[in-house]
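I opened the model to look up folds, contacts and cores. My entries follow in the order in which I checked things.

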Amino acid sequence: MRKFYSSAMAVGTAALLALSMSACGSERDGDGDDAGSGKGFKKDALIGVALPSKTSENWVLAGGLFESGLKDAGFKFDVQYANASSPVADQQAQITAMTTKGAKVIVIGATDAAQLSTQVEAAKKSGAVVIAYDRLITGTKDLDYYVAFDNFKVGQLQGQALIDGMKAKKATGPWTVELFSGSPDDNNSGVFFNGAMDVLKPLIDKGDIVVGSGQKDIQQTATQGWKAENAQTRMDSLLTSTYNTGGKTLDGVLSPNDTLARAIIQSVKSAGKPIPVVTGQDSEVESVKSIMAGEQYSTINKDTRKLVAETINMVKALQGGNEPTVNDTKSYDNKAKVVPSFLLPPVIVTKANAAQAYADDPKLAPLTK
Amino acid sequence: MESAPPLLEMRSITKEFPGVKALSDVNLVVRAGEIHAICGENGAGKSTLMKVLSGVYPYGTYSGSIVYRGAETRFSDIRASEHAGIVIIHQELALVPGMSITENIFLGNEPRRFGRIDWKAANSKALELMRQVGLTEDPDTLIKDIGVGKQQLVEIAKAFAKDVRLLILDEPTAALNEADSQHLLDLLRGFKERGITSIMISHKLNEIEAIADSITILRDGRTIETLDVAAGGVDEDRIVRGMVGRSLSNRFPDHRPEIGDVFFEVRDWTVRHPISTERLVCKNSSFNVRRGEIVGFAGLMGAGRTELAMSLFGRSYGVWLGGRVFKDGKEIQIRSVAEAIANGLAYVSEDRKAIGLNLLDDIKTSVVAAKLSKVTRNGVLDEAKEYREAEQYRKSLRIKTPTVDEGVTKLSGGNQQKVVLAKWMFTDPDLLILDEPTRGIDVGAKYEIYGIIQRLADEGKGVIVISSELPELIGLCDRIYTVFEGTITGEISRQDANPEVLMKQMTSTKKTLTP
Amino acid sequence: MSRIKELQKNLFGGSTSNARQFGMIFTLIAVIVYFQVRTDGLTLTPTNLIALTQQGAYISILSIGMLMVIVAGHIDLSVGSVAAFTGIVVAKAITENDIPWPIGILIGLGVGALIGAFQGFWVAYIGVPAFIVTLAGMLLFRGGNQYIGNAETITVPKGFQKIGSGYLPDIGPETNYNNPTLLLGLLICVAVVIREFRARKVRQQMEGAEPTPLWVSLVRLGVLLAVILFATFRFAGGRVGTSFPISGIILAVLVVAYSFYTRNTAGGRHIYAVGGNARAAELSGVKLRRVNFFVMMNMSILASLAGMIFVARSAASGPQDGLNWELDAIAAVFIGGAAVSGGLGTISGAIVGGLVMAVLTNGLQLIGTGADKVQIIKGLFLLAAVAFDVYNKSQGRFSIVGSLMRPFRRDTPADPVALAEASREEEKAPAAG
């Protein structure tokens, strides 16, 4: 019986202990909104940066720039990439962890723009300012700012470059082209494609531009997973089905980025056909070389340095209690509100302006000499 | 009689596992060119001793010394012992079913030419080895396509491919029928003439008596005695006395059967092989069972006894082609195991580990597994009831275990068999079909199992016993059917049953009825 | 028998299959304590606990089904795709066809049931290995998700979002805590006490069984109550507007229901019987096909539920939903003590396994470890956890604690080698030990 009482005591003690431990753990006292914009926060506060998985050079570069930039500005930082195996869920967890740690600003390069609203709301409620980086987060009114290159504009520039390039080779139409778009599970794919079609569609309707294979919509032209091999396979079959017989020549190919552009050129080369005008994007080293060699026609320069620098400027402004600079308060409606945005203009780069465009880039500048 | 030094001498071998002394101070002397049998109950240490000898337990993990061909040896692994010409053939055959006879004979020991396997040489050498062991098959035949008896011969041929001097056979005839067993024993005699020494572990005392020159008896990890057969005075009783430490005057409990009326009858049962459409495994088999009666089914391996039993038990084997079953005069339908159980049938399989038990289960779970409805209410288990039921069987069948919470793997073969019996007794059957109920069980446990079977009969149930051991059938059964190639060839009453009569019926298609 | 051994036996029912759980609970505590220290107490804050629950709920729901599939001796690789497929179907139904969201949930479960019946048919009635069937399903339903969704992300309405990101509401008097959560905690405490005493009563009815010592019951009760109270106040004390998540309640209900089913019903027994030895089960009258069909179908239904909860939490159904969920669920099940060959494992083990992984990931994220390193650490952890167990089994030590205590025990039961020996040689075995 003695044992019974001592055990019972132990039970009681344990329960009381749990009670007292938990009681002081309540988070209900504060109203949580003490760090809204306008008041500023400590100079060494934690800034969270959540980026998509490390599958592209650009994100890796951005992460490095955020780390060094935030460090130089004196902030504590936590820069995270989502894992590649289940990126959406992982990114959600990372943002939640940043919130828990009390980050004052959370910069998010969304893996899937529509699937983060719950986390953004939670972050906002616990006092963080949320900035969408490069990709707009939709469906939440708690997103504060958006910083990006203008992707629709990227598409338009690609379309225009395609037309310019073909005109330079053959002054009048009709020109025969093929269209490629990005991965169907990336929302930007559609934005690029629609931007390009915004420019190309009128000419297609007029008959000045003919899509040789007739494959014009985004499902038909998609490149699963942004994979070079998929673009190359599709180009191979297009060449076989459409350009092998009948004397059709391919004048131009709309390619959404550099990796795919090079795969397309590779395919044309191995088929022994003349290289058409091929567009691109991202200013990848190999593509800049290709442009200088006269193979790929154009790429887009989206200077990650500038975008990161602009984002860090926003963070600094918020720290000081100031309203960050934005240059667009109308265009970006995320279905819950119009998000104040800072948009950087993309630049089209061809052989003609490459030296000038990459003058500040230590890696690319030598290639243009 | 012989003054030559012994081929092998194991001196004061002691092998301990944590908490268990498997061998303690065991001595074994094997003369060159003899057949030396090692006897003992399960757990006496026979297999452990052979593992020490063959290097499975390497030098250093046991104490004592092994003197082989005049010099002390210290085997570090099986390869080392095989190199010295000691080859062990385990109870579970180490053959790859999907490979040919040749490939199996030379597995790990392939004849090579310029680094490539020389299949031509392998094949001709395999043929020679097969001739030596009396195996006539195409060497390209796959192992899975030949019977267990022939597989055993392949194992021995494999041993020969390694230049064997001392052949160790662990229960070589356990899975063989009488004819194959006989062939194997003849073969061993032939080896003896060629100067190959054999050590044989066996439970079958009649075989040992017939073939062994010397017999070493182990009990509880100790050497009890070594008998010289040539000196005379060695018979089964003598061996049993050594093994169990007392004389088992009668290997079957006394039993006075009280046999009632026929209550279970099968007519014209015909079943075909599950894959081969032309092969009938049961041909128009008809038989009956009376209340309180123990009915035996005798037959050679592959005669179709197990197939008959399993096809009756809810069509668990083959494809049913025809036949009717009557119970208490009424025809019953048994299309599934559930129906079989509902109709009071129980089938205890010959292979309790492969298909009789879930080895992950504990005892109580196993006991109630075939009739969960008895311990559930609206599908919900009554754990207390389950425990009580299992506990009852633990007591009444004397299952040796501290509690029924123990896993069944912790039990010995005999006790596992008791659990399987309990499992089927729990279903309240009217007819129990016991397929090889004492296979791999030692003498003492067999006696207990026989007692249980007789008790079941006394409760008015019918019991069918399928066994390959004729003495067991003769000693236990009130009536014996013989089966040959799927046909019931004879029905022999207890009074008329003797091995000669049974063997005759088991090997001929001619029907003779002597009830 | 030492106290610890006794405690272990009584806490987890004593069978060896549960021993890994015992080890895993210690691992879980160690991981929590480690990160609690490393993160300066962030790990056990209300916010983080709530986040952990929401993040872990859908994977844990999957691992309930996966546990049953694996116990029955199968595997299901399609769960992530099934979840994603259901997610997009439900999202489309609700947003584009104006179906009320509660009906949407029913539709989702129906889709899961249909998919499950489809896969179960091939596995159970045709006999195609589940690995192949669900590998096909994985491709099929991933493709189906993209086909239906056009790879778009479709937002779901607020009401639907509740099942993934909702909380118990704040009602009742102002207590500085969330009242429904407090009430829930209290109810659980009462239930635990009742259950303990009923278990004691059942044990007492087992004649011949040694009854659980009273002190063990009390210690177990004390620990459980302390943990429940602690959790209750933590969850109730979250930021205003948050409390115990609804997804957590769904999970808890499922865990209780399925634990009961697998442990205490004939149907549950049959799953273990089929996984342990299918032929033996069949010869004991278990309807093999029905069991296989059921576990596969059940898995897909739970996968569809998990998919909907994830969509609700993410506020939208997207093309990357469910990617590699099967791996997380399978890892949780194996860390929780299930056997690769089937027949062994418990729901609570799978949940604990999932919790260990979730706390590990969360803790690493809180201290700012990159996703690359998190994955490396998780991979190594999975390997280590299972390898440790396999090693222990081969050494015959069935648990971490057992192995720690081993050098000090004199009453060591028979060594496994000897045991293996025993079963081979059919010894009268452990009696010797």
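I began with contact range in chain B: residues 24 or more positions apart account for 67% of its contacts with a separation of 6 or more. I count two residues as in contact if their C-beta atoms, placed from the backbone, lie within 7 Å.

Provenance, for the record: this is a predicted model, in which local features need pLDDT of at least 70, side-chain atom pairs count only at pLDDT 80 or more, and totals for chains, interfaces and linings use all residues. Residues are numbered from 1 along each chain as its sequence is written, while chains are lettered from A and ligands numbered from 1 in the order in which they are written.

**Chain B, overall.** I find 17 helices and 25 strands in chain B; helices (H or I, at least four residues) and strands (E, at least two) are DSSP runs, numbered from the N terminus. Its radius of gyration, taken over C-alpha atoms, is 25 Å, close to the 24 Å from the globule rule (2.2 Å times the number of residues to the power 0.38). Chain B is therefore as compact as a globular protein of 515 residues. The C-alpha trace of chain B spans about 70 × 50 × 50 Å along its principal axes.

**A sheet in chain B.** I looked up an open sheet of 4 strands, ordered β14-β13-β16-β17, with antiparallel pairing; strands pair if DSSP finds at least two bridges between them. β14 (280-290) and β17 (330-332) of chain B each have a single partner strand, so one side of each lacks a neighbour in the sheet. Between β16 (residues 319-327) and β17 of chain B I find 3 bridges, and B:Lys327 has B:Lys330 as its bridge partner in β17(B).

**Cores.** A nonpolar core is a set of buried Ala, Val, Leu, Ile, Met, Phe, Trp, Tyr and Cys residues joined through C-beta atoms within 7 Å; buried means 20 or more other C-beta atoms within 10 Å of a residue's own. The largest core has 296 residues, and A:Ile264 is among those with the most contacts inside it. I list A:Phe180, A:Met235 and A:Val278 among the residues that A:Ile264 touches. A second, separate core of 67 residues includes B:Phe106 and B:Phe160.

**Between chains.** Which of the 2 pairs of chains in contact shares the most contacts? Chains A and C do, with 54 residues of chain C in contact with 51 residues of chain A. On the chain C side, α9(C) gives the largest share, 13 residues. I find no contact between chain A and chain B, whose closest C-alpha atoms lie 25 Å apart.

Key:
A residue is buried if 20 or more other C-beta atoms lie within 10 Å of its own, exposed if 12 or fewer, and partly exposed in between; C-beta atoms are placed from the backbone. Lists of a residue's contacts leave out its neighbours within four places in sequence.
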